[in-house]
Amino acid sequence: MGVSCDYTRAAIDHAQKVVGIINKQMPYLYGDTRVPVSRLDYIIEIDAPLVTVPQAPIGEVEATIGKYCASLIGDGATLQLGIGAIPDAVLNNLEDRKDLGIHTEMFTDGVMRLMKSGVINGKAKTLHKGKVVSAFTFGSQELYKFLDHNPDVEMYPVDYTNDPFIIGQHDNVVSINSCIEIDLYGQVTAESIGYSLFSGSGGQVDFVRGAKRSKGGVSIIAMPATAKEGTVSRIVPTLKPGSIVTTGRNEVDYIITEFGIARMRGRTMSERAKALISIAHPDFRAELEEAARKMIGYFK
């Protein structure tokens, strides 16, 4: 199945008709990736380059967030990261770590760079020791060549990679995801802007729960403090009407912006609000404090 094992296994197992598009340029990856030719009803042969995804530019905000996230990652941690400037900024700050592992839904070129330098080697992983485990990958042609017949990388369907009970069997899991908004109660939306759907649910909740089950595990929601060129705060009193709650307040662990780190787990409502306001953009802190006083009677 090449670079995209995610939902393909389930589709093949349940579809009435299966079409195999055999691409000469598709890398061969190990793991649960093989499909018997007898399962294919039709075969189409092509010879085409895979779609590439350029690396997102890392600005000052993303670089600062990356440093804060990296401060929570110790030697021997097993990481889950996504795509974009913040995950890349995190990886840029891990050059001095040792024996990191990867168990994730997807990864990009940043993981390849740390594998080449020896920082990511999976030696401390509890499961799949020495292997990078993922469900799919996007990146450059260099990444696709690196993956081809690479015994250090294994691909599995999402019902395995994203299973919180599998994730939680690893020690020291660090899960890093992003979101659109978080309110002062600690509720996170990563899927909608009010009633407007922005994204699918993805694996955020799976890895938040998996990290919670992990011995020494932590989960991080990392985001810029503002949107729309600094005119809108991502930390809000309450989510917009119609917003989908992706991660519930009782499951959120760390929230990180360019203004610092806020720990949510085990905090009272008042403590959560204070911690979140402390990492909001300074331009919005006064109105957030006023809203918190109205929402939470004992907020001082």
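In the classification applied here, Ala, Val, Leu, Ile, Met, Phe, Trp, Tyr, Cys and Pro count as nonpolar, Asp, Glu, Lys and Arg as charged, and the others, Gly among them, as polar. On this basis, the lining of the largest pocket in the predicted model comprises 19 nonpolar, 12 polar and six charged residues.

The volume of the largest pocket is about 940 Å³. Its lining is formed by 37 residues, and those nearest the pocket centre are Ser178, Cys179, Ile180, Ala190 and Phe198. Two or more lining residues are given by each of helix 3 (85-92), strand 10 (173-177) and strand 17 (232-233). Of the elements, helix 3 provides the largest share of this lining, with three residues.

The second largest pocket has a computed volume of about 780 Å³. A set of 24 residues lines this pocket, with Met1, Gly2, Ile21, Ile22 and Val35 lying nearest its centre. At least two lining residues are supplied by helix 1 (8-14), and at least two by strand 1 (19-23). The largest share of the lining of the second largest pocket, amounting to five residues, is drawn from strand 1. By class, the lining of the second largest pocket contains 16 nonpolar, six polar and two charged residues.

Notes:
Residues are numbered from 1 along each chain as its sequence is written. This is a predicted model: local features need pLDDT of at least 70, side-chain atom pairs count only at pLDDT 80 or more; totals for chains, interfaces and linings use all residues. Side-chain values use heavy atoms; hydrogens and water are left out. On a 1 Å grid over the protein atoms alone, a cavity is a set of points where a 1.4 Å probe fits but cannot get out, and a pocket is an open set with protein on both sides within 12 Å along at least five of seven lines; lining residues have an atom within 4 Å of a point. Grid points are joined across faces, edges and corners, and a volume is the space filled by probe spheres set on the points. Helices (H or I, at least four residues) and strands (E, at least two) are DSSP runs, numbered from the N terminus.
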